[in-house]
Amino acid sequence: MTSPDWLESWSTEEGGRRVRALFAEAFDGAAPDGVWSAPGRVNLIGEHTDYNAGLALPIALPHRTYVALRRRDDDVVRLVSAQAPGETWTTRLGDVAPGAVSGWGAYVAGVAWALAEAGHKLPGFDAVVDSCVPFGAGLSSSAALECAFAVALDEVAGLGLAGDDAGRAELAAACVRAENEIAGAPTGGMDQAASLRCSAGHALLVDCRPGLSALESATRVPFDLEAAGLRLLVVDTRAEHQLVDGQYAARRAACEQAAELLELGSLREIPADGLPEALDALAPHDPDGVLRRRVQHVVTEIERTAQVVDLVRDGRVDEVGPLMLASHTSLRVDYEVSARELDLVVDAATGAGALGARMTGGGFGGSAIALVRESDVEAVVAAVQAAFDDAGLRAPGFLLAPPSDPAS
Ligand code: GLA
């Protein structure tokens, strides 16, 4: 079998060098005002809970999206991406509105639009982007793009928000609006919170209940895998992953419908021990049992996330495996967002000794994670590769995910 395809991250020097060179090439030899970057993320547990006012537990990846940007004196935006060579994406800030822009630049222009909507004054800008966050792999390449621009614009416009966590929560909110209202993807807020508010050596407990202060809405939980002799292995299945195709929106709509039928503000209001009663109340409105399964996933997943946080805080990271597996089963059976490739990773990884494994992110393809003893990494990688090979699937990509730094 061929050697595994490791998806390496870049050092900040390497990322900076790349975007400075691309900036000079794209904009007549000019130098940018600066370079900023933001990470992709993996979620340890708490999937499809963020838009249900629930809990999630992401970490930032060492893989980042880099931006070189220079402010302009007018309101023109010109964008060039190493991933779309030869094209310049252009708009005027005044022309950005829901439904008015499309393509990858919408994620960027959307951030500027959302910051302006929040009352901040922003200049136009020329910018280039390059990234080592695997694209379309469920590792939040879009949040990394938004958040890199959020910290860049924060600095060139002198907003001063990136300097503390409350300001970063505000930047994250602008990025969510950009994604929901301008890019048109109805996602929750976990990815942007992770990219802007995580810290190295920590997981971020994201609590999406409305009305919480910045401090309450995201708490850092020490997550020292190395000290526990563990590694978090991420497998990019390379199965197509698409959040704007309607399936994600359908899950979200089902949850909202169930909450409405139960006369609740959100599914978060159902306590774990109140689940049977809530399911009984839904039954008459739910002949095919779809709402039942969706609610069952959300309520049990929030409970599992709280249990994982307790174990991690207790120094018992090596005991979270069964909760990861239960999360995967719930996402596969009740929420119906897994894919054959994701199930294959989970089975192969646990068969080769992983303590736990699960799909991560939105699902329908994308990536899975496995919690693995350091000494077992090689065997788990080989087992996943062999399983894909036997199934006639394209070889997956691998990366290791030490909890890394936020956007800066
Ligand atoms: C995607 C969305 C997030 C979250 C996850 C599922 O990553 O962007 O907001 O809903 O799916 O947990």
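## Helix 8 against helix 9

Helix 8 and helix 9 are roughly antiparallel to each other, a label for angles over 145 degrees, where under 35 is roughly parallel, 65 to 115 roughly perpendicular and the rest oblique. Their axes come within 10 Å and cross at roughly 160 degrees.

On helix 8, the contact (heavy atoms within 4.5 Å) uses Leu275, Leu279 and Leu282. Helix 9 supplies Leu291, Arg292, Val295, Gln296, Val299 and Thr300. By class, this contact has six nonpolar residues, two polar and one charged. Ala, Val, Leu, Ile, Met, Phe, Trp, Tyr, Cys and Pro count as nonpolar, Asp, Glu, Lys and Arg as charged, and the others, Gly among them, as polar.

## Model and conventions

The model is predicted, with local features needing pLDDT of at least 70 and side-chain atom pairs pLDDT 80 or more, while totals for chains, interfaces and linings use all residues. Residues are numbered from 1 along each chain as its sequence is written, and side-chain values use heavy atoms, without hydrogens and water.

Helices (H or I, at least four residues) and strands (E, at least two) are DSSP runs, numbered from the N terminus. Axes are lines fitted to C-alpha atoms, for helices over the stretch in contact, with angles from 0 to 180 degrees between N-to-C directions.

## Helix 3 against helix 4

Helix 3 (residues 141–156) and helix 4 (residues 165–182) have axes that come within 10 Å and cross at roughly 130 degrees. The two are therefore oblique to each other. This crossing, too, is right-handed.

From helix 3, Ser142, Ala143, Glu146, Cys147, Ala150, Val151 and Asp154 take part. They meet Leu171, Cys175 and Glu179 of helix 4. The contact holds six nonpolar, one polar and three charged residues.

## Strand 7

Seven of the seven residues of strand 7 (residues 125–131) are buried, so the strand is largely enclosed by the rest of the structure. Buried means under 20% relative accessible area, exposed over 50%, partly exposed in between (1.4 Å probe, protein chains only). One side carries Phe125, Ala127, Val129 and Ser131, the other Asp126, Val128 and Asp130. Both faces are covered.

Strand 7 pairs (DSSP finds at least two bridges) with strand 4 (residues 58–71), antiparallel, over seven bridges. There, Leu69 has Ala127 as its bridge partner. Strand 5 (residues 76–81) runs parallel to strand 7, joined by five bridges. Val80 stands opposite Val128.

Conventions. A crossing is left-handed if the near helix is turned anticlockwise from the far one by less than a right angle, and right-handed if clockwise.
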